[in-house]
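Morning, everyone. I have one structure to show today. Please have a look at it first.

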Amino acid sequence: MIVYKKSKNEFLTDIEDFIIEDIVREQVQAKLHRKVGESEYRSWQNSLQYMGNILRSETIPADAGIAIEYNIPRTGNRIDFIVSGQDKDGTEHAVLIELKQWDNLQMTGKDAMIRTRFAHGPSDELHPSYQAWSYAALLYGFNETVYTENIQLKPCAYLHNCKDISVITHSFYSEYVAKAPVFCKDDKIQLREFIASFIKYGDKKDLILRIENGRIRPSKALADNINSMLKGNAEFVMIDAQKVVQEEAMAIATSSSASKKNVLIVHGGPGTGKSVVAINLLAKVTKKGLFASYVTRNSAPRVVYESKLTGSMKRSAISNFFKGSGAFTDTKANAYDMLIVDEAHRLNEKSGMFKNMGENQIKEIINASRCSVFFLDEDQKVTLHDIGSDEEIRKWATFYNANLTTMELTSQFRCGGSDGYLAWLDNALQIRETANVVLERGEYDFQIFDDPNKLRDVIYEKNKERNKARLLAGICWKWISKKDPSIMDITIPEHDFAMRWNLGTDGMLWILNPESVSEVGCIHTSQGLEVDYVGVIIGPDFVIRNGEAITDAFKRASDDTATYGKKDRLKNNPVETKALLDQIIKNTYRTLMSRGMKGCYVYFVDKETEAHFKSLLS
């Protein structure tokens with residue numbers, strides 16, 4: 001998304017007219033649909049004036065391209081400043097500049113992390129060279145134009161208020177400074193020369209616009225790269241909060257002991273990279289010689305990861321890496337250095353098939369490890385048995401006298417990188433009110449189909465690209481084909497539509513089998529995983545009547561395990577149970593509708609609900 005794009009001369013005119021910060025604010029609000037705080041507005045006032053001073057030189061051509069606050073496609077990340085053009089040989093370059101107002105800096109012992117002071121106090125932040133380099137890596141990874149047309153990205157950082165360079169250029173950070181040089185207050189000439197060395201001629205071919213319109217390259221899938229990651233290879237660049245969380249977790253892990261336990265809660269919505277950070281963290285702490293495991297309640301991601309590792313790693317090693325959340329009922333205290341719990345909102349109280357083992361999975365995990373990390377999204381609780389919450393984790397951290405840290409992942413890498421889509425989805429499902437009442441065109445590839453056969457056909461076509469498209473549905477149809485595969489489960493007679501749930505023989509590997517595109521998955525076989533395109537059938541358990549979302553758990557299939565025991569609960573505690581069932585149904589569809597990296601296509605069984613959702617599209 002281009003917020004501001006002009007030539008160098010036009011940019012300097014906007015600077016001289018003292019309107020640049022107003023233009024940027026207006027465009028951020030109009031195009032990114034977010035409010036601009038006073039501190040951010042002032043930072044533009046200051047930083048862009050400094051950049052104006054750098055660019056006032058004949059060594060940088062008047063028709064060089066300038067972009068400000070460039071939003072990297074399919075992410076929520078923005079590059080502060082870009083100068084584009086050609087070098088002396090005609091090779092196209094884009095100089096990516098991370099702007100910082102910092103002046104008070106201190107070293108940390110964490111990789112790529114530096115301590116600075118804000119109004120609210122000191123804070124550990126990413127080294128700006130790492131930040132600039134990681135954004136360049138993102139563009140190389142995502143953008144077909146950059147990747148195929150030999151476009152050279154030159155990242156750097158500019159700390160225009162910082163005079164003391166001893167910390168920011170310390171040898172501890174040399175790996176990242178080498179990838180993206182850092183310039184400070186007294187380095188104006190050096191920064192100007194750096195830009196001029198790559199931008200000899202102007203942006204003749206509208207490079208920034210071509211990057212903006214460049215085809216998005218197929219994303220890496222975590223499951224496909226897990227083997228390489230566990231061997232210590234950096235398959236995914238940790239971006240912004242992801243890197244901050246990873247380094248904080250590493251620091252906590254190495255300082256934990258039996259008498260000094262630590263608990264880290266990491267909040268993050270769909271697509272913020274919780275699982276990528278979790279697996280990366282597992283690889284890093286294991287490399288340091290710490291005994292760690294990756295833990296989930298839902299077996300689907302574990303089974304998929306394990307299948308990808310089979311043949312390249314011993315079964316015993318795989319078993320040590322991946323654990324179910326019920327594996328710690330009898331584990332000795334502090335047996336692990338770190339337990340990394342993904343999808344922690346899915347943790348249960350009791351363990352075992354019959355829910356008759358153990359006392360509380362959160363308690364048992366914290367007891368079993370010197371350091372426990374919980375990746376949490378409470379809006380993805382989807383069964384009556386899910387107890388994973390910030391409050392519950394805090395309670396047991398206090399019980400064990402563990403030091404508690406909370407952090408948040410915010411940058412969005414799924415759903416086209418569109419925070420707007422997820423905010424709209426929350427509002428549309430009436431999970432919470434947001435400002436995103438209408439989904440803007442181009443925000444994300446979201447389509448509503450009035451015929452489930454057409455939805456299925458589109459998913460079939462999309463799946464031919466990379467075997468990364470699947471159909472999902474709410475659990476409103478019994479799994480009859482489990483006993484007789486010749487019977488179709490999901491039938492919509494008025495459209496002569498019939499499909500079966502995913503085969504029991506595939507189990508949790510359903511999402512990998514190329515033939516499974518002809519079957520329909522559910523919340524249990526898809527949560528914690530992702531595809532490029534998802535088709536979702538919204539069943540009769542969620543309808544809109546006169547603009548109000550109405551849920552009915554009794555419209556779900558009688559063999560639905562997610563709401564098992566609801567009758568007894570409703571008798572004993574009707575108000576709380578009704579609210580919980582409402583939350584489960586809405587959360588289920590939120591989770592299903594956020595599995596798609598590139599697109600979500602939907603069919604509504606109920607026509608009034610379909611009409612209502614169509615009214616929410618621009």
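In what order do the six strands of the open sheet run? The order is β12-β11-β13-β14-β10-β15, and the pairing is parallel. Two strands pair here if DSSP finds at least two bridges between them. Strands (E, at least two residues) and helices (H or I, at least four) are DSSP runs, numbered from the N terminus.

A word on the source. This is a predicted model: local features need pLDDT of at least 70, side-chain atom pairs count only at pLDDT 80 or more, and totals for chains, interfaces and linings use all residues. Residues are numbered from 1 along each chain as its sequence is written, and side-chain values use heavy atoms, with hydrogens and water left out.

Angles run from 0 to 180 degrees between N-to-C directions, with axes fitted to C-alpha atoms, for helices over the stretch in contact.

β15 pairs with β10 (residues 262-268) over seven bridges, in the parallel sense. Val-266 has Met-407 of β15 as its bridge partner.

Next, α11. This helix packs on the sheet and touches β10, β11 (292-296), β12, β13 (336-341), β14 (369-376) and β15. Contact means heavy atoms within 4.5 Å. The direction of α11 makes about 160° with that of β11.

Last, the helix pair. The axes of α10 (residues 241-255) and α11 (residues 274-287) come within 10 Å and cross at roughly 35°. Among the residues making that contact are Val-245 and Met-250 of α10, and Leu-281 and Lys-284 of α11.
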